[in-house]
Amino acid sequence: MKKIYVQEEWCLKCRLCEYICAYANSGFKDIAAALKDKPINTRITVEESGRISYAVSCRHCDEPSCVKSCISGALEKVDGVVKIDKDKCVGCFTCVLACPYGAIAAGEDGAAMKCELCVENSGGSPMCVKYCPNRAIILE
Amino acid sequence: MNYVIIGNSAAAVGGIEGIRRVDREGLITIVGEEPYHVYGRPLISYLLEGKTDAERMKYRPGDFYEKNGCELKKGVAAVKIDAKKKTVALENGEVMPYGRLLIATGARPFVPRIRGLEKYEYHTFMTLGDALKLKAKTDAVKNAKVLIFGAGLIGLKCAEAIYKRVSEITVVDMADRVLPSILDAESSALIKAHLESRGIKFLLSADVSPDDFQFDILCVCTGVTPETAVAKDAGLEIGRGIFIDKNSRTGDPYIYAAGDCTESFSAVTGRRGVTPILPNAYIQGETAGINMAGGSAEYDGAMPMNAIGFFGKHILTAGIYEGEEIKRGSFAAASASDLSSVSACTLKKLFVKDGGLKGFIFIDDFKRAGIYTALVRERRDISGLDADALIENAGLNFYPKEFRDEVLKRRESRQGIYAGENLL
């Protein structure tokens, strides 16, 4: 299974990945409808400290703490992708507490949200990778 | 190899999944006292609230046992382990031999001595059975007044669960604050005020009897205690719980234990204790399973951590509350009397000692909380981070650069692939 990797020396801090992520997971076709005057519900976060910046999203760990900690069985790793079954999630956020990379957040719908490599949203393959203008985010 | 697991909750599932990582063949038999498919136990309050249902609260899919080559004996209790003969006796008279045994019996409600309690019918709130009984009771008694003993995690979740089903809830406790096991005085005052704003009444620091109150339904939610009865004569070391090491082994080479029935080393203090939380149960169970099947696994120690919500307010905590406090937030204890303003309050509090993060309490301000959890669990040196940076936004910059590179970077970087395209 391919993974997302991030090269911090190539990151421009443009945060385009955050916007593209929020758009791809919004359910809207129109990017303005998805993003204009709305909270950017991104599953990838650009961190900045001084000159350094890099984007962080789910690592789809071999030993995923979030899956092992989930109280409802809503998290599962399927074919290399850690997925959330939003129907089962009760929004306790134990996964947020367990993820050592800070890659899970509370979603607007009350359930947890995380990167699922765009396998089930309108993207189909990771949109942050596709639209990173300097190829700082790669899928290999 | 033939495996027997006593218990059918998170630790048992961890055990099954752990065994199957190593051994796809050996027969696994699960002896579950409850008559149900495995369910997420903390979900019983969500069930009563109508936020989940019997199907969705299944901890694993309906075909889980079959897919994993397990035989589930449900609704039957194990009564005795004979460690010499390597057998488990069940209440129906059956005697089951085992190659490796996992004790995952969980906990049972702890009911302290309460004056006058013997005169009343009361409810506990730990299992799906308890929840269904309480649901039936609240259906039968309209506009009930409810008295709950215990202002801890179980008591308050019980209160939230039945809130819309009853007319009045009073919570009493000997302790001077709510959720004393996971909150300090300040954060506890916030949560108490939040619950009071919803009309829940509290009587704390109270040594009282049910005789002192008028109520229709009585709930005793004063905590849980490890269920160790079946292990009593097996020659295992039992303190408050069955003692296990970091491989989930007991002193008997053929017997493992995991979850709420155990006592183990804390990842934070290094001391032995009972850590009855679901993630711990699963991880200890999985560790046991891998080792039972001949693999090799060790967990980092039991990590005290809790994520729990009440009426939309989320609490995430971990570790111990010792050392210097670093905090931000809008809550001041003085404002606790103004209940209407409390619901919007947040609190983020870190406890730092000897250059390390020992614990934290986050209320409605918990972005990327797991990074803090990792700092606590891994006892990372944070002396290079100042207080402002630490409380502001958690990030991978809290970790050493080498670790960050290991997490994010492609190891063998191929020349040329990262060159930016010329867009213009």
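Predicted model: local features only at pLDDT ≥ 70, side-chain atom pairs only at ≥ 80, totals over all residues.
**Entry 1: chain B as a whole**

I began with the overall build of chain B. I counted 11 helices and 22 strands there. The radius of gyration came out at 24 Å, close to the 22 Å that the globule rule gives for 424 residues, so chain B is as compact as a globular protein of that length. Along the principal axes, its C-alpha atoms fill a box of roughly 75 × 60 × 45 Å. I then looked up burial and found that 46% of the 424 residues in chain B are buried. For contacts in chain B with a separation of 6 or more, residues 24 or more positions apart account for 67%.

**Entry 2: the nonpolar core**

Next I asked which residues touch the most other members of the largest nonpolar core. They are A:Val96 and B:Ile103, in a core of 167 residues. I followed B:Ile103 further. Setting aside residues up to four places away in sequence, B:Ile103 touches B:Ile6, B:Val230, B:Ala231, B:Ile242, B:Ile255, B:Ala257 and B:Cys261. A reminder to myself: nonpolar side chains tend to be buried together in soluble globular proteins.

**Entry 3: B:Val224**

Is B:Val224 buried or partly exposed? I had to check the count here: a residue needs 20 or more other C-beta atoms within 10 Å to be buried. B:Val224 has 19 such neighbours, so it counts as partly exposed. I located B:Val224 in strand E13 of chain B, which spans residues 224-226. Its contacts, leaving out neighbours within four places in sequence, are B:Ala107, B:Arg108, B:Pro109, B:Phe110, B:Met126, B:Asp260 and B:Pro276. I also looked up one C-alpha separation: B:Val224 and B:Arg108 are 116 residues apart along the chain, yet 5.4 Å separate their C-alpha atoms.

**Entry 4: where the chains meet**

I turned to the contact between the chains, which takes 42 residues from chain B and 34 residues from chain A. On the chain B side, the elements giving two or more residues are helix H7 (278-292), strand E18 (305-310), strand E19 (313-319), helix H9 (369-377) and helix H11 (401-408). I sorted that side by class and got 24 nonpolar, nine polar and nine charged residues.

**Entry 5: the domains of chain A**

Last, I looked at how chain A divides. The domain assignment gives domain 1 (1-57 + 117-140) and domain 2 (58-114). Taken over C-alpha atoms, the centres of these two domains of chain A are 19 Å apart. Their contact takes eight residues from domain 1 and 12 residues from domain 2. The side of domain 1 that touches domain 2 has four nonpolar, two polar and two charged residues.

Conventions
Residues numbered from 1 in each chain as written. Chains lettered and ligands numbered in written order. Core = buried A, V, L, I, M, F, W, Y, C linked by C-beta atoms within 7 Å. Buried ≥ 20, exposed ≤ 12 C-beta atoms within 10 Å, placed from the backbone. Contact = placed C-beta atoms within 7 Å. Helix = DSSP H or I, 4+ residues; strand = E, 2+ residues; numbered from the N terminus. Nonpolar A, V, L, I, M, F, W, Y, C, P; charged D, E, K, R; others polar. Domains from an automatic or database assignment. Rg over C-alpha atoms; globule rule 2.2 N^0.38 Å.
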